[in-house]
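Here's a quick briefing to read with the model open beside you.

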Amino acid sequence: MYVPPNVVTNDDLTKVMDTTDEWIQERTGIKERRYATRFEETTATMGVEAAKIALERAGTTANEIDFIIFATISPDYYFPGCGVLAQRLLGIKDIGALDVRNQCSGFIYALSVADQFIKSGMYKNILLIAAETHSYGLDFSTRGRNVSVIFGDGAGAVVLQPTEEEHRGVLSTHLHSDGTAAEILSMVNPGFHAGKFVAEKRPKEPGQPYGGLFITEELLEKDDIYPYMDGPAVFKMAVVKFPEVIMEALNKNNLQTSDLRLLIPHQANLRISQFVQQKLKLKDEQVYNNIQKYGNTTAASIPIALCEAWEEGKIKEGDLVCLAAFGSGFTWGSALLRW
Ligand SMILES: CC(C)(COP(=O)(O)OP(=O)(O)OC[C@H]1O[C@@H](n2cnc3c(N)ncnc32)[C@H](O)[C@@H]1OP(=O)(O)O)[C@@H](O)C(=O)NCCC(=O)NCCS
């Protein structure tokens, strides 16, 4: 994992918007988060910092990697994706680089893709990076406070390789989505939608036959360029889908919650994790949370938590670990691992 050195506390945020440390901690559990060093760090550079550590711990080098998967919703460029930027920074040539845009469940989706490539024998050394730089694009006025206080920057990475051992590694992955409420947690602008799905997002007729529907003056005037979240609606759905998809993974492998050494949920909100823990009757030591220190780092939250849990000795060889995520889309998923 790599997180930028710049720690931003809840009290720091009270200086730019109308919020309090008490409100943030009570509703989300977050005490502080990291923000990327402005003009120096990006999603790609932070991802590569995490990747270098992952490569070293996996006992491999960038030259041996045969495929890159990069999960993010805060890419450096609209295109090309962060996969090729990471490839360039790592000095690797020619290998494939795939970008995954599945928001909070980006890491699980990317892991599932990597797992299929490894199991089919197509690749032997996959570098999976998940990173986010939310702080460059959030609304730090009071208007955006329900979203901005939650998100943080950071990166995580893993290297996936095949194993001959049966019942080892990624046992199964489970992916789901439901786009009926896609805009409930979204950042639709700038986009190429021309207001097709949400009438109030329809731009004025630009007075020209072609173009003029992407970044409009009206958009900038209205300052309508930030993420939107209906927090309570997301919360309600998350506390149903998290337990469902965790049980799906356990049932598929004929295992029970008591077999779990550690559940690493996407760090959306401490209250969501606590709700899930209660619903599944998991002990405190079976659930890992570090949102208090980093906020919600979207695609990066699971690999960051996985890394810290492993460094703290909470995951040992042979342990059963479940990763689970829910987020914008909605998309959700789980992965069961025998470490
Ligand atoms: C976002 C979330 C913390 C908001 O908590 P909530 O209890 O649902 O709060 P509401 O959105 O109903 O807002 C309650 C009040 O707090 C205010 N508020 C919102 N953000 C605030 C902030 N940062 N500081 C102070 N007050 C804030 C609201 O304006 C509202 O005020 P009002 O009652 O005067 O209108 C909560 O809904 C949540 O965690 N949802 C899930 C979000 C999530 O996990 N997203 C990531 C998905 S992967």
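The lining of the second largest pocket has 22 nonpolar, four polar and nine charged residues. In this count Ala, Val, Leu, Ile, Met, Phe, Trp, Tyr, Cys and Pro are nonpolar, Asp, Glu, Lys and Arg are charged, and the others, Gly among them, are polar. Keep in mind that this is a predicted model, where local features need pLDDT of at least 70, side-chain atom pairs count only at pLDDT 80 or more, and totals for chains, interfaces and linings use all residues. Residues are numbered from 1 along each chain as its sequence is written, and side-chain values use heavy atoms, with hydrogens and water left out.

**Second largest pocket**
- A pocket here is an open set of points on a 1 Å grid over the protein atoms alone, with protein on both sides within 12 Å along at least five of seven lines; a cavity is a set of points where a 1.4 Å probe fits but cannot get out, and lining residues have an atom within 4 Å of a point.
- This pocket holds about 1100 Å³ of space, where a volume is the space filled by probe spheres set on the points, and points are joined across faces, edges and corners.
- Its lining counts 35 residues, and Val-159, Leu-160, Gln-161, Gly-169 and Trp-339 sit nearest the centre.
- Elements giving two or more residues to this lining are α3 (43-57), α5 (106-120), β6 (154-160), β7 (169-177), α11 (301-311) and β12 (331-338).
- Helices (H or I, at least four residues) and strands (E, at least two) are DSSP runs, numbered from the N terminus.
- With five residues, α5 gives the most to this lining.

- The largest pocket has a volume of about 1400 Å³.
- Of its 43 lining residues, Ile-73, Pro-75, Arg-101, Met-187 and Asn-189 are nearest its centre.
- By class, that lining splits into 22 nonpolar, 14 polar and seven charged residues.
- There is one cavity of 30 Å³ or more, and the largest cavity has a volume of about 130 Å³.
- The largest cavity is lined by 15 residues, with Asn-189, Lys-201, Pro-203, Thr-216 and Leu-219 closest to its centre.

- The peptide bond between Phe-79 and Pro-80 is cis, with omega about 0 degrees, and Pro-80 lies in the loop between β3 (67-71) and α4 (82-90).
- Asn-189 and Pro-190 are also joined by a cis bond, with omega near -5 degrees.
- Phe-39 is not a glycine, yet its phi is positive at about 70 degrees.
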